Every structure is written in structure tokens, then in C-alpha cells.
Amino acid sequence: RNGTMMLRRSALCLTRRILQQHHQAGVHKQLLTRRHISSGTIIEAEVVSPLKNDLKEAVARHNQLLLGNPGKKKIRKSLETIRGFQYQTEQWRETLETEKKLLHEHYDSPFEMAESHNRLGILHKNLEEYNESRSHFERSLRYFKEEIHPPDTFHADIGEACNHLAALAADEMDLELALKWLERSEPHFRHHGERAFDVRAKEGDTSEKKASHPELRTCLENKGQIFRILNRHNEALELYREIEEILLMNNQEPDQTLKLDLADCLFSLGKLHESEKLYMSVLKIIDPDSLTAATIHHKLGLIDTSLAQSNGESAIFHFQTALRLRKKMLGETHVNVAKTLTSMGVARHVLMRESAAALANFREALIIYRANSEFENDEDDLEVKKVLKNISLVQRDLQQSNFTRDVSGVE
């Protein structure tokens, strides 16, 4: 436990949980969150309790310090310690007040003030005070551009400040604006430390590849996630391929995160064989009882259902595995459980000719969809309508060619 831990600056990274959960009614809310600092962080009770005790002790030491005649340096260090514990225990408002005191009474260099405005922006964002957050991020950006780094120079500090404004735009569901901010940040990571004039002079020269800033990858990942939400999957795929090249250039193999991004993108583009290979490779290296494994098994089931040469057994195996994991980790009535049941029902009827089992899957899914529906009328809920149609088709025992085989967009 480190009471002096600062609110660290870091590149932004899209939260996959939210990417997977906000695809209803054509509205996509997508959050870009800090890799190391996130308002959604869950801190276990056994960790919070001692941290709160440490905070109480730090406040007591600070008050005792003020009874004497301490120098400004000691007061600053004490306040920074308190701020660290306040943030770690997610006391956003208290952290905000401590940060303001430090900014107005202790920070005087442009860099210190740029960093402080950056932290204030994060805290206001955590409190969903977006106008105040934007104001602080913009002030931080001005400090980095106008007072800290030479003009007409690319620098990662400027890129990160643009990233924060991208995160804010994404929180407010303005993905096009978020994309514009990410596009402004990208050259600062790609050409970190270079002058714009020198970069322009070398355009088209591929004889020497300069190593990019490490956070370029995160910037490209964020752009890729937004492209996918906007159904611009080909553009996202290009970015993921570039990340793959960056890793190979640094003698690194593609990791789990990149493989999943590539697999999801290829799946959306209908390149099922390529995505299948990547999903299988990820399954070998992750926890087999995780939600990620459940999602991959679900996708593999969809792929098996779609491929002409599938005999159905593999699809059913993957759906059953996904169903077991999702019920265990999400609960019996979660909408993703219904999605797996629906997809498994399709596979049973189309591939296995197991109409009775398919009907049971569809009926169980229908109960869950209705329990989660926001509509009173079945006709207004797309998922309920689809599963009702499938039930009707199975009951009439239609031929495979007339059966609904909609596997797009299913998580």
C-alpha cells in the first residue's frame, strides 16, 4: 500500500464490457477509460478497509503537522499522501477538493499545473460533471502545447491530453467527436519527440522505420473499437493489423487482447475460418471457466452453425459450454444466457434435426427475454419477436431453408 501513489497518467483503453452490452435500439454508449484509473474499478472490501485506516491516519498526521510550523514542502507531501488514499478508496469529491488545494497553493510550474488539471478532469469525469471535466482537460492540453513543449513538435503528453477529451466525448455518446480527438492524438504517439517539419520532409520515405511511442498501440486500439461500433470493420481490421506489425517489429508475438480484436473483427466481416483459428488459439491460453471463454465458445458455436460442412456436434458442444459458464457467472436469467439458448436452438433444429430439444431451448430463451424486456407488447421487442418466430417455425416443422438463421450481432 503506497499512500503517496499519484493519480497516474496513462493512455485510454476502451472498456470491452460496455462494448458488448450497449448494442440495443441502435444506440451505442461506449466508454473510454484509463487503463490504470477507472471509475468502474471494483476494490475488494479487504483492500478498502485498511486503505481507509491509512487515510484516517494520514489525515491525523496532517492535522498534527499543521499545529507546528511546517514548511510548504512538508504540507504538499502530506496532502499528496492524503490525495492518494482518497483516490484509492474512490472518494472522488474529497480527492477533488484536495487536488484543488494543491493546485492553488502548491503547484506553480507549467508541468505541475498541466498534470493537476489533468487529474481534476479525471475526477470531474468520475463524478459525471462533464463540462467541468472538459474545461480542465482543455487547460491541461493548452499547457502542454503552449508552455511546456516547443511549438510544432509532436509529444506523447499532448497525445494523452487529446485522449482524455476523446474519452469524455465517448462518455457523452459522441463517438464521431471521440474519433476526431483520437485522430488528433495519433501523430503525437507516432512521431513522439519529432518536429512537424521534419516529419513532413520524410513523408513517403520507408527506408528507415522509427520506433513509435508505446502508447500508439492503445490509441489504435481505441480507434479500432469505435470503428467497430460504427460498423466500419474493415478500417478497424487495418488498425489491428498495424498493431500486429508493431509487435513483430519489436520481436513480440500478438497477445490475447490483439488476437481477440482480430478474431471479432474477422467474424463481423464474415471471414469465419480465420476468426475460428484465432478464437481457438486464445482458448488455449485463457482461464477455461472465464466469461471470455464463454463468449469465445458462443462465437465458435455461431461459426460452426454458419459453416456448410459443420455436422452440428461441434456447435452444440460450444453452445453448451457457453451456456454452462454464462449461467454460472451471469445468472440463469441474464440476456446473454437467452442469446446462447436461441443460437443453440437454431443449431439443434438446422444441423441436428432435434426439433423437440430446439423448441425447449427457444421456450427457455423466451422466458428470459420477456423477463428482461422493456416493452409490454411482444411485437415491440425484436428479440422476443425473433424467438417467437423460431418457435412457430419449429412447431410447424418447416424445412431448413425456411428457418430463421440469424446469427449476426449475437454475443
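Which side chain does the side chain of histidine 149 join in a polar contact of 3.3 Å? I looked it up in the model, which is predicted, and found histidine 155.

Entry 1, histidine 149. I placed this residue in the loop between α6 (130–148) and α7. I noted a second polar contact of its side chain, to the side chain of aspartate 157 at 2.8 Å. Leaving aside neighbours within four places in sequence, I listed Phe144, His155, Asp157 and Ile158 as the contacts of histidine 149. Its relative accessible area is 12%, so I put histidine 149 down as buried.

Entry 2, aromatic pairs. I found 2 in the structure. For phenylalanine 111 and phenylalanine 144, the ring centres are 6.1 Å apart and the planes stand at 70°, so I logged the pair as edge-to-face. The pair links distant parts of the chain, 33 residues apart: phenylalanine 111 is in helix α5 (residues 110–126) and phenylalanine 144 in helix α6. I have phenylalanine 111 as partly exposed at 37% relative accessible area, and phenylalanine 144 as buried at 1%.

The largest has 89 residues; among the members touching the most others I noted Leu141, Tyr240, Tyr279 and Phe362. Helix α7 (residues 156–171) gives the most to this core, 9 residues. I also recorded a second, separate core of 5 residues, including Leu51 and Phe85.

Lysine 299 in turn lies over the face of phenylalanine 267, 5.2 Å from the ring centre.

Methods: Residues numbered from 1 in each chain as written. Predicted model: local features only at pLDDT ≥ 70, side-chain atom pairs only at ≥ 80, totals over all residues. Heavy atoms only, no water. Core = buried A, V, L, I, M, F, W, Y, C linked by side-chain atoms within 4.5 Å. Buried < 20%, exposed > 50% of the residue type's maximum accessible area, 1.4 Å probe, protein only. Helix = DSSP H or I, 4+ residues; strand = E, 2+ residues; numbered from the N terminus. Polar contact = N/O pair within 3.5 Å; in protein donor to acceptor, adjacent residues only side chain to side chain. Contact = heavy atoms within 4.5 Å. Phe/Tyr/Trp six-rings, centres within 6.5 Å; stacked < 30°, edge-to-face > 60°. Lys NZ or Arg CZ within 6 Å of the ring centre and 35° of its normal.
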